[in-house]
Structures are given as structure tokens and as C-alpha cells.
Amino acid sequence: MEIFLSVKPSPADLAGLFESDSPVVFAPAWHLVAEHERHHNVVVVSENPSEFPIGLEFRPQSNDEEEQDIWLIIVARSLSQKLRCRTLFLGNPVEPEHPYLDVVFDCGLAFLADDMDSVWANEGDGPIRIIERLPQWDCPMQGLK
């Protein structure tokens with residue numbers, strides 16, 4: 001479960017995203033998570049050369065894939081709003097069969113985007129192209145079920 005951001009958050013920025021009040025710990029990779037950190041909310045941070053240079057990978061909060069996607073969309077929207085940045089959710093519950101459509105949140109506002117010519121799809125070098133606004137996704141749960 002991963003989202004991408006235009007800015008790097010701090011562990012404090014991620015507080016409140018998880019069901020438990022355990023502290024948030026950043027790690028460079030899952031296999032490097034120390035045993036004592038397994039009792040915390042671990043987020044693996046990666047960097048990539050793109051317009052969304054920071055990747056955040058989360059442990060699943062549920063075994064249900066649809067619930068995981070909804071949670072991740074809510075996290076992407078919340079971080080975009082809280083950090084006043086852009087976030088990318090690779091996937092699109094509106095048209096899941098379309099391989100190049102994603103959701104971009106910009107300061108909490110939702111947009112349908114096409115990543116076909118970007119690093120995310122074809123290892124291109126173009127930006128993700130915004131197609132249309134998704135105002136129904138501006139509210140965390142509205143339009144997601």
C-alpha cells in the first residue's frame with residue numbers, strides 16, 4: 001500500500017492516520033524494521049525522480065483490498081490537505097480496468113489523472129496529466145463506495 005507526495009512529511013505529520021496511538025517510525029525498507037519497531041506504526045519512505053518524489057508505504061490496516069484502497073485514498077487526501085501539497089494514489093476505483101488512470105489530490109481537492117506518458121506507467125519523462133476534477137472525492141468517504 002503506497003502513495004506518493006510532492007513534499008516529505010515528518011512522523012508528526014502522520015500522527016492520527018492510524019487506529020492506534022503508537023508513534024510513527026520511518027524506515028528505509030521493511031526488512032530493516034527492527035523488532036522493537038514492530039510495535040509502532042512503521043512507514044517505509046522511498047525517493048524517486050518525479051513530480052511526486054516521496055513514496056510512503058504503509059502496512060495494510062485490513063485484509064480487505066477494497067478497505068485498504070479506501071483507507072489509502074483517505075490518507076492521500078488528508079496528507080494533501082494537511083501539508084498543502086500534491087499526493088498521488090496509483091489506482092482508480094471509478095474505472096479500475098483503465099491501467100493509466102490515477103487520483104491526484106492537490107491541497108485536498110481530487111482530480112482524475114492520466115499517467116501514460118509519465119515515469120509511473122511507461123518510464124516516460126512527462127508529468128501526470130490532469131483530466132478532470134472529482135469533487136465527489138473531496139470529502140473523505142463520499143464517492144468512494
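Colleague: Buried means under 20% relative accessible area, exposed over 50% and partly exposed in between (1.4 Å probe, protein chains only). Which of these is Arg 86?

Modeller: Arg 86 is partly exposed, because its relative accessibility is 22%. This is a predicted model, where local features need pLDDT of at least 70, side-chain atom pairs count only at pLDDT 80 or more, and totals for chains, interfaces and linings use all residues. Residues are numbered from 1 along each chain as its sequence is written, and side-chain values use heavy atoms, without hydrogens and water.

Colleague: How many salt bridges are there?

Modeller: Two, taking a side-chain nitrogen of Lys or Arg within 4 Å of a carboxyl oxygen of Asp or Glu. In one, Arg 86 meets Glu 51 at 3.2 Å, N to O. Arg 86 is in strand β5 and Glu 51 in the loop between β3 (41–47) and β4 (54–58), so the pair ties together parts 35 residues apart in sequence. Strands (E, at least two residues) and helices (H or I, at least four) are DSSP runs, numbered from the N terminus.

Colleague: And which residue pairs with Asp 114?

Modeller: Arg 129, at 3.2 Å, N to O. That links strand β7, which holds Asp 114, to strand β8 (residues 129–133), which holds Arg 129, 15 residues apart.

Colleague: Is Asp 114 buried or exposed?

Modeller: Buried, at 13% relative accessible area, while Arg 129 is partly exposed at 48%.

Colleague: Switching to backbone: what is phi at Arg 84?

Modeller: Positive, about 50°, although Arg 84 is not a glycine. Arg 84 sits in the loop between α1 and β5 (86–89) and is exposed at 61% relative accessibility.

Colleague: What about phi of Cys 107?

Modeller: Near 55°, also positive in a non-glycine residue. Cys 107 lies in the loop between β6 (101–106) and β7 (109–114) and is partly exposed at 26%.
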